Amino acid sequence: MAKKSKKAKKKMPLAYKPLGFVLGWTSGTVAGMAFQKTWKVIRHEDDAPDALDRDRRWAEILLAAAIQGAIFAVVRSAVDRAGAKAIERSTGVWPVPDKGGRD
């Protein structure tokens, strides 16, 4: 019985990959919407500056990039953690190996 449990633990990361992909895509979409709303609140503009936007200053571009990066990191971590906890609750196995982090 111990071998079966160990084998199930090895297969779980592979089984989690498709779910992880969907969660990653979803978290990116949610983070993008959150960033757009945040930028509108901060600067009262619909569009955030792009790095290649000639009419924007460095400070404005770097501020937008920092805010966007922070939002993406928080949303991705929250979604990844919630997905892993859901898998653990439903299967009893943590979906990734004990050591390490993201790919």
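Where do F35 and W39 lie, and how many residues apart are they? Both are in helix 1, 4 residues apart, or about one turn of the helix. Keep that pair in mind while looking around this predicted model, which has 2 helices and 0 strands.

**Overall picture**
- The protein has 103 residues, and 21% of them are buried.
- Take the contacts with a separation of 6 or more: 58% of them join residues 24 or more positions apart.

- Searching the whole structure turns up 1 aromatic pair.
- That pair is F35 with W39, and its geometry is tilted: the centres are 6.2 Å apart and the planes make an angle of 35 degrees.
- Why tilted? The 35 degrees between the planes falls between the cut-offs, since under 30 counts as stacked and over 60 as edge-to-face.
- F35 and W39 are both buried.

**The nonpolar core**
- The largest nonpolar core has 8 residues, namely A31, F35, W39, A48, A64, I67, I71 and V75.
- Helix 1, which covers 2-43, and helix 2 each supply at least two residues of this core.
- Helix 2 gives the most to this core, contributing 4 residues.

**Helix 2 from end to end**
- Helix 2 is built from 34 residues and spans 49 Å from first C-alpha to last, close to the 50 Å expected at 1.5 Å a residue.
- Its buried residues are E60, I61, A64, I67, I71, V75, D80, G83, A84 and I87.
- Just after helix 2 comes G92, with a positive phi of about 85 degrees.

- E60 sits in helix 2, and it counts as buried because its relative accessibility is 8%.
- The E60 side chain makes a polar contact with the side chain of R56, at 2.8 Å.
- Not counting residues up to four places away in sequence, E60 touches W39, R43, E45 and P49.
- A65 belongs to helix 2 too, which runs over residues 58-91.
- Is A65 buried, exposed or partly exposed? Its relative accessibility is 44%, so A65 counts as partly exposed.
- A65 and A48 are 17 residues apart in sequence, and their C-alpha atoms are 9.1 Å apart in space.

**The loop between the helices**
- H44 lies in the loop between helix 1 and helix 2.
- Its relative accessible area is 68%, so H44 is exposed.
- What is phi of H44 near? The value is near 55 degrees, which is positive in a residue other than glycine.
- As background, most residues other than glycine have a negative phi.

Terms used: Residues are numbered from 1 along each chain as its sequence is written. This is a predicted model: local features need pLDDT of at least 70, side-chain atom pairs count only at pLDDT 80 or more; totals for chains, interfaces and linings use all residues. Side-chain values use heavy atoms; hydrogens and water are left out. Buried means under 20% relative accessible area, exposed over 50%, partly exposed in between (1.4 Å probe, protein chains only). The expected span of a helix is 1.5 Å times one less than its number of residues. A polar contact is a pair of N or O atoms within 3.5 Å; within protein, one must be able to donate a hydrogen and the other to accept it, and residues adjacent in sequence count only if both atoms are side-chain atoms. Contact means heavy atoms within 4.5 Å. A nonpolar core is a set of buried Ala, Val, Leu, Ile, Met, Phe, Trp, Tyr and Cys residues joined through side-chain atoms within 4.5 Å. Rings of Phe, Tyr and Trp (its six-membered ring) pair if their centres lie within 6.5 Å; planes under 30 degrees apart count as stacked, over 60 as edge-to-face and the rest as tilted.
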